[in-house]
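Me: I am new to this structure. Please show me how to read its features, one at a time.

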There are 2 protein chains.
Amino acid sequence: MYDYLRDPAAIYEESFATIEREADFAGFDAAMQTVATRVIHACGMPEILPDLAYDPEAANAAVSALRAGAPIFCDCEMVTHGIIRRFLPAGNEIICTLNNPETPDIAAKKKTTRSAAAIDLWLDRIENSVAVFGNAPTALFHLLEQIENGAPKPAAILAFPVGFVGAAESKQALIDSQINVPYITMRGRKGGSAMAAAALNALSSLAGKSE
Amino acid sequence: MYDYLRDPAAIYEESFATIEREADFAGFDAAMQTVATRVIHACGMPEILPDLAYDPEAANAAVSALRAGAPIFCDCEMVTHGIIRRFLPAGNEIICTLNNPETPDIAAKKKTTRSAAAIDLWLDRIENSVAVFGNAPTALFHLLEQIENGAPKPAAILAFPVGFVGAAESKQALIDSQINVPYITMRGRKGGSAMAAAALNALSSLAGKSE
């Protein structure tokens, strides 16, 4: 037998206490500290904190939308499976259109990735939703383009595309954009579905608390 | 319109070329370079390479098992959804027992996490399988304990538990163990389902190539 913590509540408690010790949350309000803590928890890296960029309205906007029953749009299946269902305040629907039957045709017609094409299938119901990106820079770029072209807007964007081609650029484009949608994002190459789902889970947990 | 790469093949090519430029693969054989490249691709961090620890037999052992139709056991749903089905060389079954109806009862009886309890439901079919951990240190510890207690062994273990409590320790326990099962792992706190799935996907892609 190895000596290790087996109690889930104790594991969470020790994890969050370690993060609190190691990360400097000066300047973070309580809601964003909750978000940042869960994002750090998902990746084991307190050192990412300075790269977390956000609109000060983002946490409130997402919490309000989730309480109002907003659907949650995800750019990939892994994000949908990282979302903790029991935290959702209104049984919110979780939608990923990446594997819809029409997505490859849209991608072929628009000469883009399936991830970007999948965004077009969000637009009917995107207004006041929460949009979550844990993978694809092209999907985030394409959402920005569609909103700039007049598409309806989500209530908030959680943007954690990851990798070497377009990830940093797509997130910087979101930060620099004039679309006026509150966002939470991670500057640079780092990101991924675990961080994206963790941000959403933090906001759901806040939404589930009494106002 | 933003200026960004939209062609999936070109995106992969540029990603892998960036990794090749930035990571020092000296000492890696071709198979392990493929694995390491995909793990780095999944997290955007070439700097993790020195923390990748592995048995020199691991890639071959996993490739042979996958070709022989080995089932793939995963500690969490996110890993199962990161596995690229079309790469699998023998339509290999992907199994996650975390949400099996009997798992909470086993956890309560053994006073451990659901993640650890789920391992007990692997044991009937674990022999010569590939075991993949992208989340839970307790699950990896519990598998080590079960094998040390005489349970059958998988063909290979891909171990990427992540976080602040037990992750580094469980992976070090695997490295130090005498169970004689080839492994690929990431030392320290870093890991996660994307890295774990990426390692499996790399091995599947190798298994799909002609011998």
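Reply: Start with exposure. A residue is buried under 20% relative accessible area, exposed over 50%, and partly exposed in between. Keep in mind that this is a predicted model.

Me: Is Tyr2(B) buried, exposed or partly exposed?
Reply: Tyr2(B) has a relative accessible area of 21%, so it is partly exposed. In chain A, Tyr2(A) comes out at 22%, which makes it partly exposed.

Me: How do I read a pair of aromatic rings?
Reply: Two values describe it: the distance of the centres and the angle of the planes. Planes under 30 degrees apart count as stacked, over 60 as edge-to-face, and the rest as tilted. Over all chains, the structure holds 14 aromatic pairs. Take Tyr2(A) and Phe141(B): their ring centres are 5.4 Å apart and their planes stand at 40°, so this pair is tilted.

Me: Where in the chains do Tyr2(A) and Phe141(B) lie?
Reply: This pair crosses between chains. Tyr2(A) is in the segment before helix H1 (8-22) of chain A. Phe141(B) belongs to helix H7 (residues 137-148) of chain B. Phe141(B) counts as buried, with 4% relative accessibility.

Me: What about the rings of Phe141(A) and Tyr2(B)?
Reply: Their centres are 5.4 Å apart and the planes are at 40°, so that pair is tilted. Phe141(A) sits in helix H7 (residues 137-148) of chain A, and Tyr2(B) in the segment before helix H1 (8-22) of chain B, so two chains are joined. Phe141(A) is buried, at 4% relative accessible area.

Me: Which residues form an aromatic cluster with Tyr2(A)?
Reply: Tyr4(A) and Phe141(B) form one cluster with Tyr2(A). Tyr4(A) also has a charge over its ring: the charged end of Arg6(A) lies 3.8 Å from the ring centre. In chain B, the charged end of Arg6(B) sits over the ring of Tyr4(B), 3.8 Å from its centre.

Me: Which residues are closest to the centre of the largest cavity?
Reply: Of 18 lining residues, the closest are Cys43(A), Gly191(A), Cys43(B), Gly191(B) and Ala194(B). Helices H2 (30-43) and H9 (193-207) of chain A, and H2 (30-43) and H9 (193-207) of chain B, each supply at least two lining residues.

Terms used. Residues numbered from 1 in each chain as written. Chains lettered and ligands numbered in written order. Predicted model: local features only at pLDDT ≥ 70, side-chain atom pairs only at ≥ 80, totals over all residues. Heavy atoms only, no water. 1 Å grid on protein atoms, 1.4 Å probe; cavity = no way out; pocket = protein on both sides within 12 Å on 5 of 7 lines; lining within 4 Å. Helix = DSSP H or I, 4+ residues; strand = E, 2+ residues; numbered from the N terminus. Phe/Tyr/Trp six-rings, centres within 6.5 Å; stacked < 30°, edge-to-face > 60°. Buried < 20%, exposed > 50% of the residue type's maximum accessible area, 1.4 Å probe, protein only. Lys NZ or Arg CZ within 6 Å of the ring centre and 35° of its normal.
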